[in-house]
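The tour below gives selections in order, with a note on what is found at each stop.

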Amino acid sequence: MEPPNLYPVKLYVYDLSKGLARRLSPIMLGKQLEGIWHTSIVVHKDEFYFGSSGISSCPPGGTLLGPPDSVVDVGSTEVTEELFQEYLSSLGESLFRREAYDVFENNCNTFTNEVAQFLTGRKIPSYITDLPSEILSTPFGQALRPFLVSVQIQPPGGSPVGRPNGQS
């Protein structure tokens with residue numbers, strides 16, 4: 001029996017604050033944050049991410065965010081590109097519809113954590129997934145919550161993935 005094909009899975013990590021979080025968080029939050037993280041999954045030669053426009057894809061590093069600040073090797077998967085596209089389409093109709101986006105509860109990092117577990121059985125690093133609760137655990141974070149909930153994050157440069165009937 002021939003061994004299955006294995007496809008590498010990478011987590012692209014971007015600091016949306018471009019270093020400001022590291023400098024300002026001790027003053028504003030009373031604790032040190034290393035960044036405000038946006039993440040995506042790179043598999044089958046494309047980068048996949050979730051934002052306020054739903055699930056999108058682009059060539060790796062192809063959004064206006066440019067190259068990632070860091071790349072985490074999540075492992076490898078036997079999931080074929082065809083099966084992965086079906087999975088993404090299903091997610092785009094359920095958990096990760098554009099209207100389901102929430103900067104604290106259902107964001108790009110929630111998406112990449114879900115996808116990483118599907119592909120490899122591994123979660124993304126907790127310093128990324130714990131960031132919303134870290135911010136909200138501070139008085140300043142609580143004060144900013146009503147404003148931040150209205151924030152829509154969608155890195156430009158990608159194409160919609162898995163929209164039923166070609167809807168955009």
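**Whole chain**

Start with a cartoon of everything, bearing in mind that this is a predicted model. The protein chain has 6 helices and 6 strands. Followed along the sequence, their order is β-α-β-β-β-β-α-α-α-α-α-β. The radius of gyration is 16 Å, close to the 15 Å that the globule rule gives for 168 residues, so the chain is as compact as a globular protein of that length. Along its principal axes, the C-alpha trace spans about 60 × 35 × 25 Å.

Of the 168 residues, 40% count as buried. Among contacts with a separation of 6 or more, 74% are between residues 24 or more positions apart.

**The nonpolar core**

Hide the surface and select F84 and F111. These are the residues with the most contacts inside the largest nonpolar core, which has 32 residues. To see where the core comes from, colour β1 (7–15), β2 (37–43), β3 (46–51), α2 (81–93), α3 (108–120) and α5 (131–136); each supplies at least two of its residues. In soluble globular proteins, nonpolar side chains tend to be buried together.

Stay on F111 and show its surroundings. Beyond four places in sequence, F111 touches F48, Y49, F50, I55, L88, L91 and F96.

Next, select E47 in strand β3. Is E47 buried or exposed? Its relative accessible area is 1%, so E47 is buried. Which side chains make polar contacts with that of E47? One is Y14, at 2.7 Å, and another is S40, at 2.6 Å.

Leaving out residues up to four places away in sequence, E47 touches Y12, Y14, S40, I41, V42, S56, S57, C58, P59, P60, G61 and G62. For G62, draw a C-alpha distance to E47: the two are 15 residues apart along the chain and separated by 7.9 Å.

Move across to S40, which is found in strand β2. S40 is buried, with a relative accessible area of 0%. Outside four places in sequence, the contacts of S40 are K10, L11, Y12, Y14, E47, F48, Y49 and T112.

**The cysteines**

Select C58 and C108 and show their sulfur atoms. How many disulfides does a search of the whole structure find? The search finds 0. The closest cysteine sulfur to that of C58 is in C108, at 13 Å, which is too far for a bond; a disulfide here needs sulfur atoms within 2.5 Å. Both cysteines count as buried, C58 at 3% relative accessibility and C108 at 6%.

**N113 in helix α3**

Go to N113, in helix α3. N113 is buried, with a relative accessible area of 14%, under the 20% cut-off for that label. Apart from neighbours within four places in sequence, N113 is in contact with K123, I124 and T129.

**Two backbone stops**

Show the backbone and look at two loop residues. Most residues other than glycine have a negative phi. K18, in the loop between β1 and α1 (20–28), has a positive phi near 50 degrees and is not a glycine. H44, in the loop between β2 and β3, also has a positive phi, of about 55 degrees, although it is not a glycine.

Are K18 and H44 buried or exposed? K18 is exposed, with a relative accessible area of 54%, whereas H44 is buried, at 12%.

**Last stop: L64**

Finish with L64, in the loop between β4 (54–58) and β5 (70–77). L64 is exposed, with a relative accessible area of 71%.

Terms used:
Residues are numbered from 1 along each chain as its sequence is written. This is a predicted model: local features need pLDDT of at least 70, side-chain atom pairs count only at pLDDT 80 or more; totals for chains, interfaces and linings use all residues. Side-chain values use heavy atoms; hydrogens and water are left out. A nonpolar core is a set of buried Ala, Val, Leu, Ile, Met, Phe, Trp, Tyr and Cys residues joined through side-chain atoms within 4.5 Å. Buried means under 20% relative accessible area, exposed over 50%, partly exposed in between (1.4 Å probe, protein chains only). Helices (H or I, at least four residues) and strands (E, at least two) are DSSP runs, numbered from the N terminus. Contact means heavy atoms within 4.5 Å. The radius of gyration is taken over C-alpha atoms; the globule rule is 2.2 Å times the number of residues to the power 0.38. A polar contact is a pair of N or O atoms within 3.5 Å; within protein, one must be able to donate a hydrogen and the other to accept it, and residues adjacent in sequence count only if both atoms are side-chain atoms.
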